[in-house]
Amino acid sequence: MNEKQPQIITSAQMRAMEATAIGTGSVTGLELMERAGTGLVTAILAAWPELARPGTAPRAVILCGPGNNGGDGFVVARQLRKRGWRVALYLYGGAERLPPDARANHDRWCKIGRVNPLPAKPDFGTPDLIVDALFGIGLSRPLTGFDTIFAAISRTQAPVLSVDLPSGRDADARPDTMDWPTAPTSLVVTFHALKPAHAHLRARGVPVIVAPLGL
Ligand SMILES: NC(=O)C1=CN([C@@H]2O[C@H](COP(=O)(O)OP(=O)(O)OC[C@H]3O[C@@H](n4cnc5c(N)ncnc54)[C@H](O)[C@@H]3O)[C@@H](O)[C@H]2O)[C@@H](O)CC1
Ligand SMILES: [K+]
């Protein structure tokens with residue numbers, strides 16, 4: 001077989017690469033987050049071209065979590081809003097606890113849009129797209145209490161763009177080692193390189209795109 005195998009790195013290797021790039025001053029964390037958001041929006045417009053047609057004002061529901069995955073969600077919200085999308089954004093957790101880069105993008109979003117607290121039993125209506133930016137590679141323990149939120153996502157029947165990972169998935173583990181629910185997904189956009197979970201997702205037929213970060 002001559003087909004080139006995709007590079008797979010662990011979440012720890014990914015973090016180390018980001019830390020090195022930031023530490024050497026070649027890029028800031030905020031710039032990386034902007035690149036991540038730009039890669040996500042590019043993937044959205046390519047995957048769902050009907051939402052990119054001029055004159056449409058698609059509706060996106062964006063779910064932001066308490067870490068930098070949520071930060072990516074705020075960047076996507078801002079970039080989609082600038083393209084004329086109608087954005088309903090929900091934040092899980094308090095803004096004051098967001099890490100600095102995510103907080104900076106939260107604050108930028110607040111100048112143009114509203115932040116709704118994520119209800120325990122949400123009704124997201126009938127959006128054209130859901131962006132899942134709840135949890136990425138920073139998941140550190142089993143996820144509990146999100147069943148009703150994931151069910152509400154599924155009820156919309158809208159396509160779901162997973163930022164880095166479907167929330168609840170452990171980036172480094174096989175899905176069959178996890179016994180808690182994970183968010184539904186239609187397309188996963190990860191950054192720089194696949195992590196082990198992405199290879200498992202691809203093997204199950206889930207489309208996974210790798211967006212470059214310039215690392
Ligand atoms: N500079 C960077 O590090 C970059 C990070 N990026 C994004 O940042 C993500 C990683 O960000 P973080 O390291 O902040 O991690 P996450 O945003 O994935 O999650 C961390 C947060 O989730 C909480 N948490 C973890 N497990 C939980 C559980 N089971 N239940 C409830 N809360 C839980 C943690 O306490 C923390 O608040 C990546 O997946 C990617 O989307 C991208 O923006 C590229 C640049
Ligand atoms: K996610």
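This is a dialogue on how to read some features of a predicted model.

Colleague: How many helices and strands does the protein have, and what pattern do they follow along the sequence?

Modeller: Begin with a count of the elements. The secondary structure here comes to 6 helices and 7 strands. Along the sequence, the pattern is α-α-β-α-β-α-β-β-α-β-β-α-β.

Colleague: What radius of gyration would a compact globule of 215 residues have, and what does the protein have?

Modeller: A compact globule with 215 residues would have a radius of gyration near 17 Å, and the value for the protein is 16 Å, so the two agree. The C-alpha atoms fill a box of roughly 45 × 40 × 35 Å along the principal axes.

Colleague: What share of the residues is buried?

Modeller: Buried residues are 38% of the 215. Contacts can be sorted by how far apart the partners are in sequence. Of the contacts between residues at least 6 apart in sequence, 77% join residues at least 24 apart.

Colleague: Now the strands. Which side chains of strand β2 point to which face?

Modeller: The general idea is that side chains in a regular strand alternate between the two faces of the sheet. In β2, residues 86-91, Val87, Leu89 and Leu91 point to one face and are buried.

Colleague: Which residues of β4 are buried on each side?

Modeller: In β4, Leu129, Val131 and Ala133 lie on one side, Ile130 and Asp132 lie on the other, and all of them are buried. Because 5 of the 5 residues of this strand (residues 129-133) are buried, β4 is largely enclosed by the rest of the structure.

Colleague: Which elements make right-handed β-α-β units?

Modeller: Follow the chain from a strand, over a helix, to another strand. β1, α3 and β2 make a right-handed unit of this kind. So do β2, α4 and β3, and likewise β4, α5 and β5.

Colleague: Where in these units can I look at single residues?

Modeller: Take Thr148, which lies in helix α5 (residues 147-156). Thr148 has 13 C-beta neighbours inside 10 Å and therefore counts as partly exposed. Leaving out residues up to four places away in sequence, Thr148 touches Ala120 and Lys121. Another case is Asp107 in helix α4 (residues 100-110). Asp107 has 12 C-beta neighbours inside 10 Å, so it counts as exposed. Asp107 and Phe74 are 33 residues apart in sequence, yet their C-alpha atoms are 9.0 Å apart in space.

Colleague: What is the phi of Gln157 and of Asp164?

Modeller: Most residues other than glycine have a negative phi. Gln157 has a positive phi, near 60 degrees, and is in the loop between α5 and β5. Asp164 also has a positive phi, of about 75 degrees, and is found in the loop between β5 and β6 (187-191).

Colleague: Is each of them buried or exposed?

Modeller: Count the C-beta neighbours inside 10 Å. Gln157 has 9 and so counts as exposed. Asp164 has 28 and so counts as buried.

Colleague: Last, the ligand. Which residues come nearest to ligand 1?

Modeller: Of the 26 residues around ligand 1, Gly67, Asn68, Asn69, Gly136 and Gly138 come nearest. The elements giving two or more residues to this shell are α2 (29-47) and α3 (68-82). α3 gives the most, with 5 residues. By type, the shell divides into 12 nonpolar, 10 polar and 4 charged residues.

Conventions. Residues numbered from 1 in each chain as written. Chains lettered and ligands numbered in written order. Predicted model: local features only at pLDDT ≥ 70, side-chain atom pairs only at ≥ 80, totals over all residues. Near = placed C-beta within 6 Å. Helix = DSSP H or I, 4+ residues; strand = E, 2+ residues; numbered from the N terminus. Nonpolar A, V, L, I, M, F, W, Y, C, P; charged D, E, K, R; others polar. Rg over C-alpha atoms; globule rule 2.2 N^0.38 Å. Buried ≥ 20, exposed ≤ 12 C-beta atoms within 10 Å, placed from the backbone. Contact = placed C-beta atoms within 7 Å. Right-handed = clockwise from strand over helix to strand, strands pointing away.
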